[in-house]
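These are my notebook entries on one structure. I set down what I looked up, entry by entry.

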Amino acid sequence: MTEGVRYNNVFGTYSHGPVLPKNPKLCDFILSTALERRYGEKIELEPLPDALEMQAHDSVYDKIISGTIK
């Protein structure tokens with residue numbers, strides 16, 4: 001998918017619904033980037049289960065690919 005833009009640490013997107021709960025990898029990236037900026041070093045957080053979030057992501061992705069959502 002090519003929708004959205006990133007410039008340095010600013011993200012822009014147009015989405016149907018909330019972008020962070022449906023994109024746990026993006027959420028993780030934003031959190032780790034903010035922590036690194038704040039503390040000056042990469043901080044590893046204990047992973048949380050994100051099976052439900054990935055199901056939501058995959059469901060929306062499949063709808064976009066199939067043309068159900070435009």
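Entry 1. I looked up Pro21 and found it in the loop that runs between strand 2 and helix 1. The model is a predicted one. I noted a relative accessible area of 45% for Pro21, so this residue is partly exposed. I then compared positions: Pro21 and Arg6 are 15 residues apart in sequence, and their C-alpha atoms are 18 Å apart in space.

Entry 2. I stayed in that loop and turned to Leu20, which lies between strand 2 (10–12) and helix 1 (24–39). Its relative accessibility is 38%, and Leu20 therefore counts as partly exposed. I asked which residues make the nonpolar surface patch of about 300 Å². I found Phe11, Leu20, Phe29 and Ile30.

Entry 3. How many aromatic pairs does the structure hold? I recorded one. Its rings belong to Phe11 and Phe29; their centres are 6.0 Å apart and their planes meet at 85°, so the pair is edge-to-face. The cut-off behind this step is that planes over 60 degrees apart count as edge-to-face. The pair joins distant parts of the chain, with Phe11 in strand 2 and Phe29 in helix 1, 18 residues apart.

Entry 4. I examined the span of helix 1. Its 16 residues should span 22 Å at 1.5 Å a residue, and I found its end C-alpha atoms 22 Å apart, which agrees. I also looked at Arg38, which lies over the face of Tyr39 at 5.2 Å from the ring centre. Just after helix 1 comes Gly40, for which I noted a positive phi of about 75°.

Entry 5. Gly67 follows helix 2, and its phi is positive, near 90°.

Entry 6. Within helix 2 (residues 51–66) I looked up Gln55. Is Gln55 buried or exposed? With a relative accessible area of 53%, Gln55 is exposed, because the class begins over 50%. I then took the separation of Gln55 from Asn23: the two are 32 residues apart along the chain, and their C-alpha atoms are separated by 10.0 Å.

Entry 7. Phi of Asn8 is near 55°, a positive value in a residue other than glycine. I set this beside the general rule that most residues other than glycine have a negative phi. Asn8 has a relative accessible area of 54%, so I listed Asn8 as exposed.

Notes. Residues numbered from 1 in each chain as written. Predicted model: local features only at pLDDT ≥ 70, side-chain atom pairs only at ≥ 80, totals over all residues. Heavy atoms only, no water. Patch = residues over 30% accessible without salt bridge, like charges linked within 9 Å, V, L, I, M, F, W, Y side chains within 5 Å. Areas by Shrake-Rupley, 256 points an atom, 1.4 Å probe, with all protein chains shown as cover. Salt bridge = Lys/Arg side-chain N within 4 Å of Asp/Glu carboxyl O. Helix = DSSP H or I, 4+ residues; strand = E, 2+ residues; numbered from the N terminus. Buried < 20%, exposed > 50% of the residue type's maximum accessible area, 1.4 Å probe, protein only. Phe/Tyr/Trp six-rings, centres within 6.5 Å; stacked < 30°, edge-to-face > 60°. Lys NZ or Arg CZ within 6 Å of the ring centre and 35° of its normal. Expected span 1.5 Å × (residues − 1).
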